Amino acid sequence: MERRLAAVLIADVVGYGRLSQVDEEGTRLRFQADLREIVEPSIAEHSGRLVKTMGDGLLVEFHSVVDAMRCAVDVQKLKAKHNAEIPADRRLDFRIGINLGDLIVEGDDIHGDGVNLADRMQSLAEPGGIAISGPAYDQVKSKLDVGFVSLGEQRVKSIAEPVRVYRVVFGPLAANRAANARRYPGRWRIAAIAVAILFIPAVAALWWQPWVLLETPSLTQRFAYPLPDKPSVAVLPFINVSGDVEHDHLAEGLTDDLITELSKVSGLFVIARHSVFAVRDDGGKIQDVAAELGVHYVLEGTLQRAGSRLRINVKLIDALTGLSLWAERYDREYADLFAVQDDVIGKIIAALAIRLSEGERTQLAQIPTENLEAYDYYMRAEQAGLTYGDVVTYREALSYYQKAIDLDPNFADAHAGIARIAVDVWRNDYNILWSAAVARKIAYDAAGQALKIDANNARAHTVLALLQLVDGRQTEALTSANRAVQAQPSDAEANGNLALVLAHIGNHDQAISEIEKALRFDPSPSPGFQLLAGIVFYIVGDEDRAISLMEAARDALPKAEAAREFLTAAYIDDGDKTRSLQEKTKLLELFPESNLNYYGYLYDYWRKDDLNKHLSRLQKAGIPDWPFGFQGKEDDQVTGEQLRDLISDKTWAGKHRNGTQFVQFFDKAGNTAYRSTNTNITGTVEIQGDWLCEKFPGYFLDRMVCGSVYRNHAAEEPGATYVHVTPQALKFFSIGR
């Protein structure tokens, strides 16, 4: 193995990922122009060798540290002159690091600690600046017309011993003055000591609460929200710079995992996934993004995959000062992805001086799966999950989750992902994907399996809470919802669902507190989450905020039944009959079977007062008692023994109001079997007074649903003898033979 001593220069573009978000092709062209017109000529002039470019960075080898320094100084001076003519938001600034060290040579490539240390120097340089290691400084300290400022000994990743670090100053007199100030303590030092005494309280505050650094009104007055009383972080979507959209899910998956893991730390305030993805395309500066989301710190990064190699650049920025608190570049095997994530999380926690509990340490130490192929499928499922809401995306996400489970049956997050989809299918009645009965069972089973593997899986606890709430098991639902929040304190979904449970059990004050917290974690929520929050505010009696959120959800999801239903009720209660009528008309146009009896069954787990209030508002707005506005005449109702005779060893044949043909058989023991083109189910039936009541396990939330039978006089179905009306359907039928 060949080795040699050489000077290494590494340069990297500051904020390349952010600039690429604004103008990907233009940024790349400007980088290539800088390389062609400034960097490569300077390398050639100073006898260097461009080893390779690395996305937005480059690696250069020199025989002499003096040559490397001269090249770096020329590049930065030329870039400064060039940047003076370019708007600040489009400039490409380089950071340059230089080291003198022993290299491993493999063909045209070089690597080893000598290269790693140069990279560490680059991360310590200022934008437009140069940082060099102690060995490099020893070679050039008196040979060039530049100055140096010592940063002392620094511990850097992958290097066992502390390393001396120096920043290069292009005005040597400034550096000399700094050195003289340290060398000759005099009268200035007495004044400095007095100032230091005045600053002791501030320093103490900074030691214990570093997130309050420079939090002045001039910097925070444009923030959309007050900064939290703990360190607040937004993890911006990592940029895939591989040039291959096939790897987009890796960048988004890394973003998601960092958000999820940081959300488990009680000492942090972390912005939710949807909100950071919502600002992805805004192209604003870091300070603008931080102001919009209301956070002190922003994490940004890029990801590049080439075969089995993975290159990740990541930086933690103090948005109040614009300074980088920590930056790192990882050039690792893809198999080391979890190690990179752990390192990034550890560095963030260390930089912000967060104290972890023992439980948090244990949680953060766990990896989701040891099977990277399974993890890849999981990330694809999560990417599809960005557009949850229709059968196609549900199916796509489910297929990826299932492939992940096939590869690793103990992948808790994948089981929880299936549970989340299943509970949505169950609640939204997407029968084309699963029957309600199947969806409900899958949701319970998948959530239970996830918790069997990982008892602290927040998503699984949240799903379980929703199932238990609708099943009328409110105490258990509250326990599950609280466990979800305890497992992931900064998770907006967990907090939002806890608020929903609290609203339904009548704890309105705490429900408001939790939903406000959830919306602070997710200041740009998805339409589905806006609807959930709107329903919480509606239940607790805050119609203004309820209407605002539900209007936003309706505009984004114009075919969402719940948005139309709750706005119909909220507007009528607010005295706005015109808009209530508009919403009711649209609701009945989209869902003509909507009716009060249906909603009464659907929400039977609500507190009685809340349910009666909601139904009375809907009635006042004009929602009919039965589907399609059916109103049977009392004289036509089949009652008593005549009704009993209709279901004793009889077969009904007919069709629904929507045109679906059906056949239903009743035996003498109270059992029934129903069959249509898409459905084949069995259940039980009984007479309650003059009501005909049916229950099909797994359907309509496992409720016993009651309706009436009338003799048919409808002109639209003159061949049918009877009409059977239930909260779910209007059926015309005759007795078969």
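Gly-294, which lies just after helix α11, takes a positive phi of about 70°. The model is predicted, and local features need pLDDT of at least 70, side-chain atom pairs count only at pLDDT 80 or more, and totals for chains, interfaces and linings use all residues. Residues are numbered from 1 along each chain as its sequence is written, and side-chain values use heavy atoms, with hydrogens and water left out.

Helix α11 spans residues 286-293, and its buried residues are Ile-286, Val-289, Ala-290, Ala-291 and Leu-293. Buried denotes under 20% relative accessible area, with a 1.4 Å probe and protein chains only. Helices are DSSP runs of H or I of at least four residues, and strands are runs of E of at least two, numbered from the N terminus. The buried residues of α11 pack against α1 (16-22), β9 (232-235), α10 (273-278), β12 (297-306), β13 (309-318) and α21 (508-521).

Helix α19 (residues 474-487) and helix α20 (residues 492-504) pack at an angle of about 155°, with their axes 9 Å apart. This angle makes α19 roughly antiparallel to α20, a term for angles over 145 degrees. Axes are lines fitted to C-alpha atoms over the stretch in contact, and angles run from 0 to 180 degrees between N-to-C directions. Contact means heavy atoms within 4.5 Å. Residues of α19 in this contact include Leu-478 and Val-485, and those of α20 include Leu-498 and Leu-502.

Gln-488 is found in the loop between α19 and α20. Gln-488 is buried, with a relative accessible area of 9%. Leaving aside neighbours within four places in sequence, Gln-488 is in contact with Thr-260, Ser-263, Lys-264 and Ala-458.

Definitions and conventions
Buried means under 20% relative accessible area, exposed over 50%, partly exposed in between (1.4 Å probe, protein chains only). Angles under 35 degrees count as roughly parallel, over 145 as roughly antiparallel, 65 to 115 as roughly perpendicular and the rest as oblique.
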